[in-house]
Amino acid sequence: MSRSSPTIPSLVISPENNGESSTQAQTKRRGRSSSLVSLQEVPADPQETLDQGALNNYNADWVNFKGAWLMHLVLVTLGKLLIDALPGMTQEISWTLVNCGYMAVTFLMFHHVKGVPFESNNGAWDELTFWEQIDGGAQYTPARKWLTCVPIGLFLISTHYTKFQSWLFAFNFVALLVTLTPKLPLVCSI
Amino acid sequence: MYNELEGIAHYLQQLPGSSIFIRYVKSSYQNDPWRSLLELLLFLFALRVWLSKRTRRDAEKGFVGLSSTEIDELVDDWQPEPLVPQAEIKQAPTIIGPPSIKPKVSQPGQPSDKARQVTNLVSYNFLGLLGDQRIKDAATKALRVYGVGSCGPPGFYGTMDVHIDLEKSIAQTLGTESAIIYSQGFATITSVIPTFAKRGDIIVADEGCSFAIRKGLQISRSTVRWYKHNDMNSLETVLDSINREAKRRKAPLTRKFICSEGIFQNDGSLANLKRIIELKKKYKYRLILEESYSFGVVGNTGRGMTELYDIPAKEVDILVGSMANTLGSAGGFCAGESVVVEHQRINSAAFIFSASLPPMLAVSANETLSILNSSSGPNIVHSLQTNIASFRSVLSTIDSIELASHALSPIQHVFFSQSKELQIISTSQKEKSSEEERVEAVLGDICDDALVNGVFITVAGHLRGQESDIGALSAGSTGIRVAPGGAPPPTEPRASIKIAISSALSKKETEKAALVVKNSINRVLKRRA
């Protein structure tokens with residue numbers, strides 16, 4: 001939850017300053033274990049990274065809050081009940097609507113809208129979608145896993161209850177692909 | 001084998017909820033192997049995601065993980081550099097007693113009782129009011145009433161009647177709706193820029209802007225485009241290119257500012273305010289004008305750039321100045337419309353988080369303003385301009401130097417000419433130092449020689465390595481660092497001797513001091529040749 005401060009004390013070494021060679025030289029001289037030292041490229045705009053780490057990102061941090069996972073299920077169930085309450089609703093249509101609705105809402109929230117709805121960190125998140133903001137860009141975190149698996153699970157359930165009618169299946173499957181593709185780590189931050 | 005599978009199936013059936021799962025799998029197949037395969041693949045994908053290992057977050061990339069022993073070792077190894085380089089302090093001449101136009105100055109490395117009286121062309125004593133009796137009296141009176149400090153930030157019982165009086169008289173002097181005072185001159189512009197401009201906003205700035213402005217631009221995180229120093233065509237090209245780019249990218253409308261100094265701290269040149277105002281109106285920009293060196297100095301009655309160009313100060317959206325220079329006090333001010341000022345009272349970091357200006361200093365600044373506004377004001381400004389002119393006329397006869405500063409600027413920079421500079425750099429013994437430092441070493445010799453001959457001058461101080469450290473300035477989402485027709489982010493300022501002319505000297509005294517400087521330049525250059 002506290003993503004503002006990395007728990008491991010760490011040191012920035014920029015590759016341009018020959019940081020690698022000096023670190024290795026020091027390592028050799030001092031006989032430290034070199035397995036811990038690994039170098040990666042410093043991001044292009046250090047100021048942006050600095051600002052992003054300066055304060056909590058209240059826009060994206062809630063995914064790690066208590067009950068956030070349960071809330072997904074609760075909202076989906078509520079939506080299902082609400083749609084079922086409509087007169088003349090069949091299970092097939094209802095499940096398709098729930099699935100497509102969930103995909104549409106999450107696509108809009110997670111992958112379309114950029115930035116933070118309120119003033120935060122001097123606009124450091126302005127260029128990033130919600131999905132890119134989650135956990136400061138780290139991949140395969142518990143929250144990301146959950147948010148990836150929920151639509152897959154929902155799709156499997158809804159195709160099941162639509163009795164595998166080909167048109168509804170196609171609808172649901174396209175909706176799933178549209179929300180799943182931007183979640184892939186490779187597509188992230190494009 | 002079969003028995004084993006049977007056993008597993010039996011075991012599965014024992015699990016709670018397994019019947020639902022088995023029913024689901026059974027009814028899913030529906031004689032459609034392709035769809036079933038697809039669903040299986042999706043399930044496997046979800047499983048793969050679930051079992052993948054977490055990667056680093058963006059902020060952690062480029063970090064080197066060190067164990068606590070390694071950290072301890074590094075900490076033990078670390079030798080802190082001295083906060084103040086001892087050697088430089090010893091080399092500097094010292095003013096003994098209060099600074100004035102003729103202070104007692106001890107030579108570098110000499111005891112203070114050997115101090116000699118010299119002409120001071122170092123202090124920003126443009127109006128010659130340093131140590132003026134009227135200001136002293138007013139300050140003493142305020143000291144008896146208010147004590148020394150204001151003991152709090154302005155929004156938190158740090159504001160006193162004298163602060164409000166000073167704000168009013170600054171606004172009145174300039175003819176703006178309102179004004180706000182800050183307690184540090186440097187922090188004023190550094191804080192005002194980020195108050196109005198944020199990430200994504202556009203600032204078009206002169207490449208010759210001072211260190212304080214550069215820091216302000218950096219803190220604001222805005223998209224900064226630079227135009228060539230004092231080149232109005234370059235400014236127009238940059239403004240035009242930004243417009244075209246915004247149209248092409250269908251960029252959202254953002255706040256847009258032009259940022260310039262009135263008289264430039266780094267070279268004493270004068271901005272073409274008239275043209276800047278024209279361009280700002282044409283391209284719908286707001287203007288941030290830094291008047292630290294022009295307020296109180298240019299214009300018939302010293303009201304600054306707006307008076308000089310006969311433009312109402314209201315045309316400048318954000319007019320910032322220092323009270324530490326001409327007004328002989330401390331702190332800075334920002335004048336403009338009342339909305340501009342009120343916005344700063346709750347949004348400007350330096351205003352909110354610093355204790356307000358000591359009342360005594362506010363009174364001193366106000367007293368200077370009232371002297372400037374009195375009938376003697378124009379005379380003081382006029383005699384300053386005469387002194388600048390006579391100083392320049394003496395120095396203009398030397399070939400190997402450049403007087404790049406404007407004829408109205410109270411700070412006159414003495415640069416070596418390009419050819420001389422190159423010669424000095426190539427013949428310098430100091431191979432390890434930067435080009436600027438090599439030139440500064442020779443300029444320092446000139447200053448030392450002038451001090452021996454009774455004129456106190458100094459090399460313009462720069463935080464070498466810091467001022468050019470703005471490469472990280474945001475290029476915004478576009479990634480463009482140099483606009484077409486514009487300039488790249490500024491580098492180190494050129495080395496120069498910065499001479500502060502004062503109206504406290506007579507025309508003859510100024511000429512005499514200029515002659516000393518001239519002789520020192522010639523002597524040092526001759527010695528080197």
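## Close-ups of a predicted two-chain model

Across all chains, the count comes to 21 salt bridges, where a salt bridge is a side-chain nitrogen of Lys or Arg within 4 Å of a carboxyl oxygen of Asp or Glu. The model is predicted, so local features need pLDDT of at least 70 and side-chain atom pairs count only at pLDDT 80 or more, while totals for chains, interfaces and linings use all residues. Residues are numbered from 1 along each chain as its sequence is written, chains are lettered from A and ligands numbered from 1 in the order in which they are written, and side-chain values use heavy atoms, with hydrogens and water left out.

**View 1. A salt bridge links B:Lys102 and B:Glu509.** Their N and O atoms sit 3.9 Å apart. B:Lys102 is in the loop between β2 (94-96) and β3 (104-106) of chain B and B:Glu509 is in helix α20 (residues 507-528) of chain B, so the pair ties together parts 407 residues apart in sequence. Helices here are DSSP runs of H or I with at least four residues, strands are runs of E with at least two, and both are numbered from the N terminus. B:Lys102 is partly exposed at 31% relative accessibility, and B:Glu509 is partly exposed too, at 32%. For these labels, buried means under 20% relative accessible area, exposed over 50%, and partly exposed in between (1.4 Å probe, protein chains only).

**View 2. B:Arg244 pairs with B:Asp240 inside helix α11 of chain B.** The closest N and O atoms of this salt bridge are 3.4 Å apart. The two residues are four apart in α11 (residues 232-249), which puts about one helical turn between them. An α-helix has 3.6 residues a turn, so residues three or four places apart point the same way. B:Arg244 is exposed at 51%, whereas B:Asp240 is partly exposed at 28%.

**View 3. B:Arg523 meets B:Asp449 in a salt bridge.** Here the N to O distance is 2.7 Å. B:Arg523 belongs to helix α20 of chain B and B:Asp449 to helix α19 of chain B, so parts 74 residues apart in sequence are tied together. B:Arg523 is partly exposed at 36%, but B:Asp449 is buried at 11%. Elsewhere, salt bridges with shared partners join B:Glu236, B:Arg275, B:Glu278 and B:Lys282 into one network.

**View 4. Helix α19 of chain B spans residues 435-452.** Its 18 residues reach 27 Å from first C-alpha to last, close to the 26 Å expected at 1.5 Å a residue (1.5 Å times one less than the number of residues). Buried residues in α19(B) include B:Val439, B:Leu443, B:Ile446, B:Cys447 and B:Ala450. Just past the helix, B:Gly454 takes a positive phi of about 95°.

**View 5. Cysteines, with zero disulfides over all chains.** A disulfide would be a pair of cysteine sulfur atoms within 2.5 Å. The sulfur of B:Cys334 has its closest cysteine sulfur in B:Cys259, 12 Å off and too far for a bond. B:Cys334 is buried at 0% relative accessible area, while B:Cys151 is exposed at 66%.

**View 6. Chain A has seven helices and one strand.** From the N terminus, its elements run β-α-α-α-α-α-α-α. Of the 190 residues in chain A, 43% are buried.
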